[in-house]
Amino acid sequence: MSLFVPESDPLRGDRRLSPAAAKQLSPQALAYLGDALYEFYVRLRLLLPAQRSHQFHQSVVAAVRAERQAELLMSLLPLLTAEELEIVRRGRNAAGRVPRRLTAECYQQATGLETLLGYLYLCDPQRLQALLQLLPVTEH
């Protein structure tokens with residue numbers, strides 16, 4: 001599934017951002033983008049086999065929960081470059097108010113993953129695709 005490596009992307013005018021330009025965006029902006037991208041990716045992966053809409057929704061929610069994202073980040077950490085680890089660190093440090101049901105550490109890890117995904121989408125969609133393919137898209 002090459003969703004994140006389009007032949008052309010009219011929203012970006014077919015231009016990728018340089019890493020320096022992407023780093024000028026706030027970690028919150030990158031995490032916001034990464035959150036949307038990851039949920040969309042999970043929805044595409046879970047679309048088939050067909051299931052009732054309620055079950056589909058429950059499966060997606062379970063797969064994109066902060067707890068699950070934190071686990072997924074931990075599995076990716078050994079594979080990340082120094083630059084990617086820095087993006088994750090920026091995202092973790094910028095995590096805002098923690099929802100009551102989560103620990104601060106869990107929320108920070110999930111935000112770090114989302115920040116990395118948003119960053120890679122803007123700068124290196126091929127790397128984003130490679131990392132996403134390593135992640136199981138099911139609830140744990």
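The model is predicted, so local features need pLDDT of at least 70 and side-chain atom pairs count only at pLDDT 80 or more, while totals for chains, interfaces and linings use all residues. Residues are numbered from 1 along each chain as its sequence is written, and side-chain values use heavy atoms, with hydrogens and water left out.

Glu84 is found in helix H5; helices are DSSP runs (H or I, at least four residues) numbered from the N terminus. Glu84 is buried, with a relative accessible area of 5%, where buried means under 20% (1.4 Å probe, protein chains only). Leaving aside neighbours within four places in sequence, Glu84 is in contact with Leu79, Leu116, Leu120 and Arg127, contact meaning heavy atoms within 4.5 Å.

Leu116 and Leu120 of H6 also take part in the contact with H7, as does Arg127 on the H7 side. By class, this contact has nine nonpolar, no polar and one charged residues; Ala, Val, Leu, Ile, Met, Phe, Trp, Tyr, Cys and Pro count as nonpolar, Asp, Glu, Lys and Arg as charged, and the others, Gly among them, as polar.

Leu116 is also among the residues with the most contacts inside the largest nonpolar core, which has 30 residues. H6 gives the largest share of this core, eight residues. Such a core is a set of buried Ala, Val, Leu, Ile, Met, Phe, Trp, Tyr and Cys residues joined through side-chain atoms within 4.5 Å.

Notes:
Buried < 20%, exposed > 50% of the residue type's maximum accessible area, 1.4 Å probe, protein only. Helix = DSSP H or I, 4+ residues; strand = E, 2+ residues; numbered from the N terminus.
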